[in-house]
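Look over the sequence and the model before reading on.

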Amino acid sequence: MYEKYYGFTSKPFQLSPDPRFYFSSRGHSRAMSYLRYGLGQCDGFIIITGGVGTGKTTLIKMLFSDLDQEQIVAANIVTTNIESDDLMRMVSSAFSLPTEGLTKADLLRQFEAFLLACDSHGRRVLLVIDEAQNLPKSSLEELRMLSNFQVNNRPLLQSFLLGQEEFRETLQSDGLEQLRQRVIASCHLAALDRDETKKYIDHRLTFVGWSDNPLIGQTAYDAIYEFTEGVPRRINVFCDRLLLYAYLEELTDINKDVVKAVADEMSAEITHTRSDKGRSDEVSAAATKKLAEIEEAVENVKFTTESLEAAFASRMGTLKKLILSIENLAKQKVE
């Protein structure tokens, strides 16, 4: 709708995480540096935390898009409150390993064999756990135990843990000291500041061909920041609606009043009643945050599906190589 009206090549504020729109804020640039540092170290845990909608999933998608699939076998898991026994099944499934009818001991032996097979073919294994704040301490300890798989003092598995802010408190709990000792880097993703919010909006608009139509005034940027508190997902939700409103009203300029009108409209839809002027900012921010939480939950599921599909394709390639190796050995013995 509004894309054609304003001459955009696509939607600038689509809700699904897209690495093409990756914005390297100070916080995201620091977090990405830690992730890449971790890959270079081939050891230990990397911890990334941040509030809902701060861009953790986009960060991982950006990282995955840069990975050499021939060198690194990667899988992403979005967790729920699962215990250690179920975690092993989820990890195995993420790497397309069978789980039906297998005991935990069977799963561990199978996973170790998988790690050794990947290592023999010169491939490293990376496990990314999203929403790690949902994991009980027993499951976190299970992840630490998986990091014990080694060959020639070289770890066979590396793990990145992403979670919301409360995950930082979980890591300080009693009984997780050994896990903390294996964390080689950690970073917290905060919301964008006022200046970064403006740059983030301009970055996404410019990517789709924006040329100051509509023209966005500084007071509008300031108002958007106030309503969204600089949270990227909430900015996306709000700005998408803002551009739709501007299109329907045939506007070529967006100022503070337009932003306020959209905020009030969104608040009324969520609450079914209009808040008084003194509470309008609070209600509109809460409404936008709720929408962001729902969208993030949906996208996490989509991302996990995509990761599983990629992992399955990668595992099939590894299995074919192993089968070929076994067949060659069998032929040599026969001869």
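This predicted model holds 17 salt bridges.

Asp 66 pairs with Arg 36, with the closest N and O atoms 2.8 Å apart. This pair ties together distant parts of the chain: Asp 66 belongs to helix 3 (residues 56-66) and Arg 36 to helix 2 (residues 26-41), 30 residues apart. Asp 66 is partly exposed at 45% relative accessibility. Arg 36 is also partly exposed, at 44%.

Arg 154 and Asp 119 form a salt bridge with an N to O distance of 2.7 Å. Here too, distant parts of the chain are linked. Arg 154 lies in strand 5 (residues 154-155), Asp 119 in helix 5 (residues 104-120), and 35 residues separate them.

Asp 202 bridges to Lys 198, with 3.0 Å between the closest N and O atoms. Both residues sit in helix 9 (residues 194-207), four residues apart, about one turn of the helix. Asp 202 is buried, because its relative accessible area of 16% is under the 20% cut-off. Lys 198 is partly exposed at 27%.

Salt bridges with shared partners also join Arg 26, Asp 193 and Glu 196 into one network.

The table lists relative accessible areas for two of the pairs.

| Residue | Relative accessible area | Class |
|---|---|---|
| Arg 154 | 38% | partly exposed |
| Asp 119 | 24% | partly exposed |
| Asp 202 | 16% | buried |
| Lys 198 | 27% | partly exposed |

Note on methods
Residues numbered from 1 in each chain as written. Predicted model: local features only at pLDDT ≥ 70, side-chain atom pairs only at ≥ 80, totals over all residues. Heavy atoms only, no water. Salt bridge = Lys/Arg side-chain N within 4 Å of Asp/Glu carboxyl O. Helix = DSSP H or I, 4+ residues; strand = E, 2+ residues; numbered from the N terminus. Buried < 20%, exposed > 50% of the residue type's maximum accessible area, 1.4 Å probe, protein only.
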